[in-house]
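Thanks, everyone. I'll take the domain interface, then a few local details.

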Amino acid sequence: MNGHRTLSDWSYGKLLSLVAEYGTPLYVIDLDRIRKNYRRLSSAFPDANIYYAAKANTAGAVLQTLGRMGAGIECVSAGELYRSMRAGIEPAKLLYTAVNPPDPDLDFAVDLSDITINIGSHDTLRRLSERNYSGRICLRINTGSGAGHHKYVSTGSDAKFGFSPEQALEILSKYSSYDFNIVGIHAHAGSGISPQEMDVHQNLCKTLGDISRSSPIDLEFIDIGGGFGVPYGPEDTPLNLSEVSSKIYNSLGDTSANIVLEPGRYIVADAGILLTTINTIKYLDSHNIVGVDAGMHTLIRPALYGSYHDIKNISSPHNDSSLPNTTVTGPICESADLLGVNIELGASTPGDILAIGNAGAYGEAMESQYNSFPRSATVAIDGENVGLIRKRETIEDLCLYENEVDWF
Ligand code: LLP
């Protein structure tokens with residue numbers, strides 16, 4: 001039993017009633033599902049500390065839910081640190097991954113006592129020293145093991161991220177010459193790692209285990225990153241968490257350091273759904289085109305990575321194949337504006353509601369106003385509770401920060 005939730009596990013009646021009240025495009029996020037995913041992961045790794053990767057879904061209600069369960073939060077910007085603290089997370093529970101950090105972000109992080117800053121370049125070390133930072137740091141290591149659902153998200157072997165193992169050991173050997181406290185090492189292979197690629201992740205764990213044993217100082221933790229994949233398409237298989245966990249512990253080998261995990265997708269992907277209304281249908285000889293009111297501006301994953309998301313007509317959920325060979329597209333003037341390609345939909349008419357599955361991770365978080373469409377709304381559900389956690393933007397909101405020049 002893998003516990004992964006698919007589109008048909010949602011109550012269509014409830015989703016349609018949310019659409020009736022809040023309109024479309026609408027993100028729905030199920031906080032109770034987030035708790036369950038968190039529990040599944042923490043029971044497979046009982047000794048590990050989990051830092052939820054905020055980038056997957058930064059909604060305050062999501063951060064609050066996880067914070068209350070005891071999770072720390074992994075952040076990549078001052079904005080994510082700010083959102084986490086706003087959700088009640090203490091700085092001691094924040095891990096800031098400083099990827100090529102802009103000055104204002106580094107300044108913001110340095111001012112938070114007890115935070116841990118994860119750095120991956122000598123230059124960032126220098127910039128921290130310049131700021132008289134004397135707090136906790138973690139060394140990000142490029143183990144050469146990259147994995148993930150697309151080359152754009154396979155970070156483990158990308159030179160942009162992290163020190164080489166040799167550089168990390170050299171920094172560790174000079175620990176006494178620094179004012180700050182080196183407390184951990186970190187590596188992240190990539191995002192959306194499938195069961196078939198887990199051996200790459202195990203290589204990463206082995207390298208981290210070896211470094212911790214060669215380190216002249218005892219490390220408080222080894223952070224093995226995030227990247228735990230979830231099934232999106234019918235052929236995808238779910239991770240067997242207990243198997244993954246025992247292989248990870250084996251690969252790390254003997255260590256007194258605590259294990260840290262940074263899952264994003266695994267916690268929120270199947271807790272979220274995107275609802276959209278059909279505007280137009282075009283019947284062609286070669287295929288059908290179903291035009292909806294969400295698009296690449298709402299959910300960019302299919303356009304950016306060619307990602308598959310399950311799509312179902314929840315207004316008329318018949319399992320016929322009236323619309324085979326269907327492209328689901330949005331209102332954006334780009335051919336990349338795709339949500340589904342060559343999929344099969346049942347009989348559909350304009351006005352019907354389509355549900356797009358696994359939209360809880362990297363959906364709302366990557367939404368934009370491209371082509372001047374106001375961003376969608378988000379509703380949280382939690383058992384019987386329902387609440388609007390992000391208002392739909394208005395057309396006027398599009399110009400909120402626009403300034404007129406004074407020479408016209
Ligand atoms: N830790 C670090 C340092 C990361 O860079 C990431 C993701 C994570 C943790 C969380 O990875 P997860 O458990 O969610 O796979 N926009 C892409 C995903 C980009 C992920 C970037 N880093 C997508 O929609 O698939």
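Asp-270 forms a salt bridge with Arg-33, and the closest N and O atoms are 2.9 Å apart. By salt bridge I mean a side-chain nitrogen of Lys or Arg within 4 Å of a carboxyl oxygen of Asp or Glu. A caution on the source: this is a predicted model, where local features need pLDDT of at least 70 and side-chain atom pairs count only at pLDDT 80 or more, while totals for chains, interfaces and linings use all residues. Residues are numbered from 1 along each chain as its sequence is written, and side-chain values use heavy atoms, with hydrogens and water left out.

Now the domains. Domain 1 covers 31–267 and domain 2 covers 270–399; the bounds come from an automatic or database domain assignment. Their C-alpha centres lie 31 Å apart.

How many residues of domain 1 are in contact with domain 2? 23, and they meet 18 residues of domain 2. Contact means heavy atoms within 4.5 Å.

Next, area. The two domains bury about 1,700 Å² between them, 54% of it on carbon and sulfur atoms. Buried area is the accessible area (1.4 Å probe) that two parts lose on being put together, summed over both. Leu-31, Tyr-232 and Arg-265 supply 30% of the area that domain 1 buries against domain 2, more than any other three residues.

Across this interface the rule finds two salt bridges.

On to a buried spot. Thr-298 sits in the loop between β11 (288–292) and α11 (301–305). Helices (H or I, at least four residues) and strands (E, at least two) are DSSP runs, numbered from the N terminus. Is Thr-298 buried or exposed? Buried, at a relative accessible area of 1%. The classes are buried under 20%, exposed over 50% and partly exposed in between (1.4 Å probe, protein chains only).

Pro-25 has its own feature. The peptide bond from Thr-24 to Pro-25 is cis, with omega near -10 degrees. Pro-25 is in the loop between α1 (12–22) and β1 (26–30).

Last, backbone angles. Most residues other than glycine have a negative phi, and most peptide bonds are trans. Asn-132 has a positive phi of about 55 degrees. Asn-132 lies in the loop between α6 (122–130) and β6 (136–140), and is exposed at 64% relative accessibility. Asn-325 also has a positive phi of about 55 degrees. Asn-325 is in strand β13 (residues 323–329) and is partly exposed, at 35%.
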